[in-house]
Amino acid sequence: MTNFSAVTYAMPMLWFSPPVPVKTKRVGVTREVNSVDAAAEELLTWHKRNAQWQTAVKACIAAKEGTRTPEAARQAFLTAAKACGMLRGQ
């Protein structure tokens, strides 16, 4: 008999394309962000947290909850990366 209360289900990865290239703390190292999880993780490392940053965080949460698309989260993340000076090649 299977104990279904002990079964856990992994959330699917929410990928987006093309990746968003962002700067990292390591000089000359670029991170190619290509998922909602990676975008959320990256946002938490940034020191500059303006209105665009907050919008991107909310978009990532909404995408994880299924109320926004990964592409909407990508667009918000890209806008935040530009506004916070984290977009590589800017």
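The expected span of a helix is 1.5 Å times one less than its number of residues. Keep that rule in hand, and let us walk through the model together.

Residues are numbered from 1 along each chain as its sequence is written, and side-chain values rest on heavy atoms, with hydrogens and water left out. This is a predicted model, in which local features need pLDDT of at least 70 and side-chain atom pairs count only at pLDDT 80 or more, while totals for chains, interfaces and linings use all residues.

We can start with the layout. The protein has 3 helices and 2 strands, and from the N terminus on they run β-β-α-α-α. Here helices (H or I, at least four residues) and strands (E, at least two) are DSSP runs, numbered from the N terminus. Of the 90 residues in the protein, 32% are buried; buried means under 20% relative accessible area, exposed over 50%, and partly exposed in between, with a 1.4 Å probe and protein chains only. The protein exposes about 5800 Å², and 59% of that comes from carbon and sulfur atoms. These areas come from the Shrake-Rupley method with a 1.4 Å probe, and for residues only the protein chains shown count as cover.

Now to helix 2, where the opening rule applies. Its 15 residues should span 21 Å at 1.5 Å a residue, and its end C-alpha atoms are 21 Å apart, so the two agree. After the helix comes glycine 66, whose phi is positive, near 90°. The buried residues of helix 2 are Trp53, Ala56, Ala59, Cys60, Ala62 and Ala63, and their cover includes helix 1 and helix 3.

In soluble globular proteins, nonpolar side chains tend to be buried together. A nonpolar core is a set of buried Ala, Val, Leu, Ile, Met, Phe, Trp, Tyr and Cys residues joined through side-chain atoms within 4.5 Å. The largest one here has 24 residues, of which Val20, Val22, Val33, Val36, Leu43, Trp46 and Phe77 touch the most other members. Strand 1 (15-23), helix 1 (36-43), helix 2 (51-65) and helix 3 (70-83) are the elements that give two or more residues to this core, and helix 3 gives the most, with 6 residues.

Contacts, meaning heavy atoms within 4.5 Å, show how the chain comes together. Among contacts between residues at least 6 apart in sequence, 50% join residues at least 24 apart. Tryptophan 46, not counting residues up to four places away in sequence, touches Val22, Trp53, Phe77, Ala80, Ala81, Cys84 and Met86. Cys84 is buried because its relative accessible area is 10%, and Cys60 is buried too, at 2%. The structure holds 0 disulfides, a disulfide being a pair of cysteine sulfur atoms within 2.5 Å.

Glutamate 42 lies in helix 1 and counts as buried because its relative accessibility is 5%. Leaving aside neighbours within four places in sequence, glutamate 42 is in contact with Val22, Lys23, Arg31, Val33 and Phe77. Glutamine 90, in the segment after helix 3, counts as exposed because its relative accessibility is 56%. With the neighbours within four places set aside, glutamine 90 is in contact with Ala81, Lys82 and Gly85. The C-alpha atoms of glutamine 90 and valine 22 are separated by 9.5 Å, although the two residues are 68 residues apart along the chain.
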